Amino acid sequence: MNCGTIELDHHTISHTEDSMSNAQMAVMNRWYAEQVAYLVGRLDAVNEGSTTLLDNSLAFWCSEVSYAATHTFKNIRAFLFGTAGGKIKTGQHLDFARAAHNKLHVTFLNAMGVPATSFGDSGFGDGPLPGILV
C-alpha cells in the first residue's frame, strides 16, 4: 500500500486506527529502525583495541507503550545493543511477562556499577531483571 506523503505528526498518526495510518506508522517505524541500525553500526566500527565502542556501550531502543492507540503496556518490546563492557549477555530473547520496565532500568544501573535496587516508582517492583547481566 502506498501511504502517500506523511503530513501529520507521529503522535496523531499513532492514535488513528485505519489502513492509511497503519501504513504511515510502518514507514515511520522503519525509518526509526534504520536510524538505530546506523547508530549501532557506527558504534561497532570504532575500534577500541580488542573490542569496539559498541562492545563497551549499551544502547537501548524501546517505546514507552506497546500499542499507542490504547496506551497498552502489555508486550513492550525492548532491544539492547552492546554489552556494557562485557556485563550484558547478548544473542537472546527474553520474555518477562508483565514485569515493569523500571526493573530493566535497575538492570542497566547495575551493569554500570551503580548498586541500585529501584528506579522510579518502587510500586512497580524492585530489583534487576534476571538473565540479562553476565
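From the N terminus on, the elements of the protein chain follow the order α-α-β-β-β-β-α, which amounts to 3 helices and 4 strands, where helices (H or I, at least four residues) and strands (E, at least two) are DSSP runs numbered from the N terminus. The model is a predicted one, in which local features need pLDDT of at least 70 and side-chain atom pairs count only at pLDDT 80 or more, while totals for chains, interfaces and linings use all residues. Residues are numbered from 1 along each chain as its sequence is written, and side-chain values use heavy atoms, with hydrogens and water left out.

Taken along the principal axes, the C-alpha atoms of the protein chain fill a box of roughly 45 × 40 × 20 Å. Of the 134 residues of the chain, 25% count as buried, a term that stands for under 20% relative accessible area, with exposed meaning over 50% and partly exposed the range in between (1.4 Å probe, protein chains only). Among contacts (heavy atoms within 4.5 Å) with a separation of 6 or more, 44% are accounted for by residues 24 or more positions apart.

His15 is placed in the loop between α1 (10–14) and α2 (19–45), and it counts as partly exposed at 31% relative accessibility. When its neighbours within four places in sequence are left aside, His15 is in contact with Ala68, Ala69 and His71. Gly85, by comparison, is 70 residues from His15 in sequence and 39 Å from His15 in space, C-alpha to C-alpha.

The structure holds 3 aromatic pairs, for which rings of Phe, Tyr and Trp (its six-membered ring) must have centres within 6.5 Å, planes under 30 degrees apart being counted as stacked, over 60 as edge-to-face and the rest as tilted. One of these is the edge-to-face pair of Trp31 and Tyr32, at 5.5 Å centre to centre and with 65° between the planes. Trp31 is partly exposed, with a relative accessible area of 47%, and Tyr32 is likewise partly exposed, at 33%.

The rings of Phe60 and Phe108 have centres 5.0 Å apart and planes at 65°, and the pair is therefore edge-to-face. Because Phe60 belongs to strand β3 (residues 59–62) and Phe108 to helix α3 (residues 102–111), the pair ties together parts that are 48 residues apart in sequence. Phe60 is partly exposed, with a relative accessible area of 32%, whereas Phe108, at 8% relative accessibility, counts as buried.
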